[in-house]
Amino acid sequence: MSAEIQQQWRFLKSVISYQLSVINPVGVWWGIKKCQNTPSTNWCGVSPKDLSTGGFSGHICFPHEFLNQPARTYCLLFTVKSRLIYRLRLAFSTLPNIQAWLTTVVILLLFTAIALPLGFYTHFLKFEFLLTSPVKIILIIAGCLIIPAILEELVFRVLLLPHLTENTAIIQQLFWGFTSLISFIIYHPLEGLTVYPPGKETSLNPVFLLLVALLGIVCNFAYYQSGSIWTPVFIHWVIVVAWLLFFGGYAQITP
């Protein structure tokens with residue numbers, strides 16, 4: 001193996017071990033423990049200046065210029081993958097404390113104070129209790145917990161927004177918050193136009209989209225302040241269930 005190839009492999013290995021060391025103790029054993037007897041350098045003989053900080057402090061781990069293009073691509077993909085795994089693990093394992101839950105309740109009340117007057121004024125909402133069997137009501141409540149609450153919060157909050165432990169700059173939080181919000185809004189009419197035609201008319205309603213935008217904002221804030229998926233899931237779940245069961249939502253999205 002040539003010296004250049006050895007150098008590339010050593011650097012790539014150090015990058016991977018760094019990422020693993022953040023999310024998995026195996027990385028420490030593989031990337032650091034084996035190289036702790038190399039005092040003049042760090043990370044398996046690679047100078048610290050050659051190794052990006054990478055990982056979860058707002059930087060993308062990008063190889064030094066001596067890496068060839070496949071190695072660059074692999075490192076970038078590995079970094080993105082490890083970042084997403086990190087976010088998933090923390091979002092689901094972080095349990096909100098009392099303060100986070102109180103903040104969530106306040107956020108939900110603020111949403112209600114804005115959404116109900118707007119919905120009634122535009123006649124998008126109306127008091128209409130869903131008269132159906134108890135079994136169907138239970139299925140609706142349970143189903144809404146999975147879709148849309150958990151699934152949509154997983155995609156539009158957990159995967160897109162930096163976790164609070166990443167210590168990202170405010171400008172980055174605003175950028176990803178805006179990206180998450182726009183994606184969340186666009187998703188709903190696309191869903192009505194493609195996978196769920198019965199909801200097409202509702203999904204294109206400007207009032208509905210305005211309420212979706214408001215929901216996206218409050219869920220973004222709930223996730224940012226708690227670092228847990230469960231606070232935005234709770235908000236999303238309660239709002240959708242209330243709309244379907246008490247405010248005519250079920251009739252608006254069913255044939």
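Residues are numbered from 1 along each chain as its sequence is written, and side-chain values use heavy atoms, with hydrogens and water left out. Because the model is predicted, local features need pLDDT of at least 70 and side-chain atom pairs count only at pLDDT 80 or more, while totals for chains, interfaces and linings use all residues.

## Overall fold

The secondary structure of the protein consists of 10 helices and 0 strands. Helices (H or I, at least four residues) and strands (E, at least two) are DSSP runs, numbered from the N terminus. In order from the N terminus, the elements read α-α-α-α-α-α-α-α-α-α. The protein has 255 residues, of which 40% count as buried. Buried stands for under 20% relative accessible area, exposed for over 50%, and partly exposed for values in between (1.4 Å probe, protein chains only). Contact is taken as heavy atoms within 4.5 Å. Among contacts with a separation of 6 or more, 74% come from residues 24 or more positions apart.

## Packing of helix 4 and helix 9

Two packed helices are described by the angle between their axes and the distance between the axes. Helix 4 (residues 98-121) packs with helix 9 (residues 230-246) at an angle of about 30 degrees, and their axes are 10 Å apart. The axes are lines fitted to C-alpha atoms, for helices over the stretch in contact, with angles running from 0 to 180 degrees between N-to-C directions. The crossing of helix 4 and helix 9 is right-handed, a term that applies if the near helix is turned clockwise from the far one by less than a right angle.

On the side of helix 4 the contact is made by Ala100, Trp101, Thr104, Ile107, Leu108 and Phe111; on the side of helix 9 by Trp230, Thr231, Phe234, Ile235, Val238 and Ile239. The residues of this contact divide into 10 nonpolar, 2 polar and no charged. In this scheme Ala, Val, Leu, Ile, Met, Phe, Trp, Tyr, Cys and Pro count as nonpolar, Asp, Glu, Lys and Arg as charged, and the others, Gly among them, as polar.

## Salt bridges

Side chains of opposite charge can pair when their charged atoms come close. A salt bridge is counted when a side-chain nitrogen of Lys or Arg is within 4 Å of a carboxyl oxygen of Asp or Glu, and by this rule there are 4 salt bridges. The table gives some of them.

| Pair | N to O distance |
|---|---|
| Arg83 and Glu166 | 3.2 Å |
| Glu166 and Arg87 | 2.7 Å |
| Glu128 and Lys126 | 3.3 Å |

Arg83 and Glu166 form a salt bridge; Arg83 is in helix 3 (residues 69-93) and Glu166 in the loop between helix 5 and helix 6, so the pair ties together parts that are 83 residues apart in sequence. Both Arg83 and Glu166 are buried. Glu166 also forms a salt bridge with Arg87; Arg87 is in helix 3, so this pair ties together parts that are 79 residues apart in sequence. Arg87 is buried, as is Glu166.

In the pair of Glu128 and Lys126, Glu128 is partly exposed at 30% relative accessibility, and Lys126 is partly exposed at 48%.

Arg157 lies in helix 5 (residues 134-159) and is buried, with a relative accessible area of 0%. The side chains of Arg157 and Asn220 are joined by a polar contact of 3.0 Å. A polar contact is a pair of N or O atoms within 3.5 Å; within protein, one must be able to donate a hydrogen and the other to accept it, and residues adjacent in sequence count only if both atoms are side-chain atoms. Neighbours within four places in sequence aside, Arg157 is in contact with Glu152, Ser180, Phe184, Gly216, Cys219, Asn220 and Tyr223.

Ser180, in helix 6 (residues 170-193), is buried at 0% relative accessibility. Residues up to four places away not counted, Ser180 touches Phe156, Arg157, Leu160, Leu161 and Asn220.

Ile150 is in helix 5 and counts as buried at 19% relative accessibility. With the same exclusion of residues up to four places away, Ile150 touches Leu145, Ile229, Trp230 and Val233.

## Backbone features

The peptide bond from Ile147 to Pro148 is cis, with omega near 20 degrees, and Pro148 is in helix 5. His123 is not a glycine but has a positive phi of about 65 degrees; His123 is in the loop between helix 4 and helix 5 and is exposed at 68%. Asn167, also not a glycine, has a positive phi of about 55 degrees. Asn167 is in the loop between helix 5 and helix 6 and is exposed at 64% relative accessibility.
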